[in-house]
Amino acid sequence: MEKGVAYDNDMNLKATELRLGLPGTDESQKECSSFVKSNKRSSEEMDSSCNEEECAPAPKALVVGWPPVRSYRKNVLQQQQKKSDSDVSGMYVKVSMDGAPYLRKIDIKVYKNYPDLLIALENMFKCSMGVYSEREGYNGSEYAPTYEDKDGDWMLVGDVPWDMFVTSCKRLRIMKGSEAKGLGCQ
Amino acid sequence: MDPKLKKTKDSSSNSANSPDSTHSSFLFPDEVLERVLSLLHSHKDRSSVSLVCKDWYNAERWTRTKLFIGNCYSVSPEIVARRFPRIKSVTLKGKPRFSDFNLVPQYWGADVHSWLVMFAKVYPFLEELRLKRMTLSDESLKFLATSFPGFKALSLLSCDGFSTDGLKAIATHCKNLTELDIQENGIDDFGGGWLSCFSENCSSLEVLNFASLSSDVSFDALEKLVRRCKSLRILKVNKSISLDQLQQLLVQAPQLIELGTGSFQQELTPRQYEDLETAFSNCKNLQTLSGLWEATSLHLPVLYAACASLTFLNLSYATLRSDELAKLVAHSPNLRRLWVLDTVEDKGLETVGSSCPLLEELRVYPADPFELDLHHGVTEAGFLAVSHGCRKLHYVLYFCRQMTNAAVATIVQNCPDFTHFRLCIMNPGEPDYLTNEPMDEAFGAVVKTCTNLQRLAVSGLLTDLTFEYIGRYAKNLETLSVAFAGSSDRGMQCVLQGCPKLRKLEIRDSPFGNAALLSGVEKYETMRSLWMSACNVTMSACRLLAKDMPRLNVEVMRDEGSDDRQADKVYVYRSVAGPRRDAPPFVLTL
């Protein structure tokens, strides 16, 4: 990182003197002041490109137009990078089941929709939760999945759109069907 | 030279001297000459032909239907209109290449409008327009769409200034459109409604590429369009098209030769997965595959059936790992061209070396260009591995963070036929990481061994020695890109004096000054253009150059807050049209 950020104030005049002399020495690299001018412009460039997507923190783009990658490609890759970064962090929530001796933890980001999540939970806890219906909830099933949302309320899994669920779910609890009846009738 | 041609030249020049001008037509009537010349397509050949004599110049200009203008400012619309009466296809290139990397300010120029106005007057039967690095507005697009009833093909690469509204005009008015190719432009995307502007009668499309647009298009409109256009051979959709939608499109167009997929990530039922696999295996003519955004090992296998016929695989927007790439290339033994991201790492490139013996072109782009961590991306090992297995390699673009002189020397020994060698070691001034020496010997090896080298891009820590080598050995070099390299004027001088075929020289952030600039005074008229930015050139030298060479346009752009005497950005190009009349205030024409 240090190489590019050399704040040497001498203009390129120095570079034309045979000061760059012995190739390969650290000094010659750090003194290569042709990088300097570009640094002045680089902050402007960062500002202009930092409107829509959250750009990486300042020091990353050191020189204008370098490496020589077209703006279109740069933008596309930055967006993909953001996506994959957030995928990497995951969304682990605790899952408890009534009667089970210990809790489990799952990454809800791994699942794309409710059916996937329910199948995974059923497999993990060897229980059956059946099919969700808006009116009846999981009525008739042995167990029903519930979750605690951002406000601390206990909600029935399946009521809100999946994306909303993923961002608001704090923890999961697989309730006994008989207890869950109350929730389903809201 | 063809003896027949020579003979005719002599007889023509004889007739020029003698008052009997029927002499040449007796030997070689104009009609025959024109018939023969109309078979010539290469613009370089046509240029040579036009220089033979007056008769040939005339015959050539009457038979030329395709115009190629590499620098829109080297000539004017009026001059072109006077010389060529029968043009059907135009290719125009505008801004200097470094504008792709934000080195040229906005509103610099290269506006196509004045050209379109001339075309409308002189070439009402214009069919094709291909623009690269030009500026065009929505008004220009509307003008284009409504001024040429027979207009067929529009290709825009790296252009700016327009929006999807302009595309609406094209889709609406060009009833005979065969090609709409929109690539990597600075475009304002106001939505995908333009696609729905194609009339229900439009069935002539052969090429449709909107991969770089981001908005959703109406899938219904797209599907119907694809179904109607039986001659569609190139279809490149954008990210908004999902996998199951892609399957429906492929079912309508199994004849495709080039396909750009949309997003390659979607929750699919087993049935959908199977259908997609089948759809791909039914595309028996597929040669090119691109897109594949967000592709993962989950869905890549659907492609395997189609990979056998592939010659070009563009994975440069797919962040694939080495194992994912390995499986893909294992199914693609006929690959000639491969573009990847450096997420595949050296391991991935090793599999390329072992799976693709016919490979001719490799491009490795950086997934995270500004990441300085050495543990990502590719190194010299990957490049070496490819060179061992792919002896026919002649085009490479390689972004890496470390390289050695020894590796490059071995690479060119393995592959001596390089015509395009573009190596980008991403940290400016980076030496050979093993020996800590400059990378001079690497590029020396390239120019000594690869005698057919046409295009070279250098990087890493380089002294004048690199340029001495280039001047001494690179006798076929036409394009040279230099950044953060060289020690003194001598470097640039060596290149200018030593490379007879040099056409384009672009230099940034290198210690070349006035002496270097002025040493090329005689040379620049034989070249298309010279670009020098953040070098050591001053205004006085630029003025001197401009004064001595009236047929060169010498343009300077100054950076904010820099010394009055410094010529921060210099762009020199030959022109028969004189100085630009549309230069914005920040471009000083000397």
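Reader: Where do the axes of helix 7 and helix 8 of chain B stand relative to one another, and at what angle do they cross?

Author: In this predicted model, the axes of helix 7 (residues 113-122) of chain B and helix 8 (residues 138-147) of chain B come within 10 Å and cross at roughly 15°. Angles under 35 degrees count as roughly parallel, and so helix 7 of chain B is roughly parallel to helix 8 of chain B. The crossing of these two helices is left-handed.

Reader: Which residues make the contact between helix 7 and helix 8 of chain B, and how do they divide into nonpolar, polar and charged?

Author: Helix 7 of chain B contributes H113(B), L116(B), V117(B) and A120(B), while helix 8 of chain B contributes S140(B), F143(B), L144(B) and S147(B). Of the residues in this contact of helix 7 with helix 8 of chain B, five are nonpolar, three are polar and none is charged.

Reader: What is the handedness of the crossing of helix 10 and helix 11 of chain B, and at what angle do their axes cross?

Author: Helix 10 (residues 219-228) of chain B and helix 11 (residues 243-252) of chain B have axes that come within 8 Å and cross at roughly 20°, which makes helix 10 of chain B roughly parallel to helix 11 of chain B. Their crossing is right-handed. On helix 10 of chain B the contact is made by F219(B), L222(B), E223(B), V226(B) and R227(B), and on helix 11 of chain B by Q245(B), Q248(B), L249(B) and Q252(B). The residues of this contact between helix 10 and helix 11 of chain B comprise four nonpolar, three polar and two charged.

Reader: Turning to chain A, in what order do the five strands of the open sheet stand, and which strands are at the edges?

Author: The order in chain A is 2-1-5-3-4, with mixed pairing. Strand 2 (104-107) and strand 4 (154-156) of chain A stand at the edges, and because each has a single partner strand, one side of each is left without a neighbour in the sheet. From one strand to the next, the twist averages 35°.

Reader: In what sense do strand 3 and strand 4 of chain A pair, and which strands does helix 5 of chain A lie across?

Author: Strand 3 (residues 143-148) of chain A pairs with strand 4 of chain A in the antiparallel sense, over three bridges, and T146(A) stands opposite L156(A) in strand 4 of chain A. Helix 5 (residues 114-125) of chain A lies across strand 1 (92-97), strand 2, strand 3 and strand 5 (171-176) of chain A, and runs at about 155° to strand 2 of chain A.

Note on methods
Residues are numbered from 1 along each chain as its sequence is written. Chains are lettered from A and ligands numbered from 1 in the order in which they are written. This is a predicted model: local features need pLDDT of at least 70, side-chain atom pairs count only at pLDDT 80 or more; totals for chains, interfaces and linings use all residues. Side-chain values use heavy atoms; hydrogens and water are left out. Axes are lines fitted to C-alpha atoms, for helices over the stretch in contact, and angles run from 0 to 180 degrees between N-to-C directions. Helices (H or I, at least four residues) and strands (E, at least two) are DSSP runs, numbered from the N terminus. Angles under 35 degrees count as roughly parallel, over 145 as roughly antiparallel, 65 to 115 as roughly perpendicular and the rest as oblique. A crossing is left-handed if the near helix is turned anticlockwise from the far one by less than a right angle, and right-handed if clockwise. Contact means heavy atoms within 4.5 Å. Ala, Val, Leu, Ile, Met, Phe, Trp, Tyr, Cys and Pro count as nonpolar, Asp, Glu, Lys and Arg as charged, and the others, Gly among them, as polar. Two strands pair if DSSP finds at least two bridges between them.
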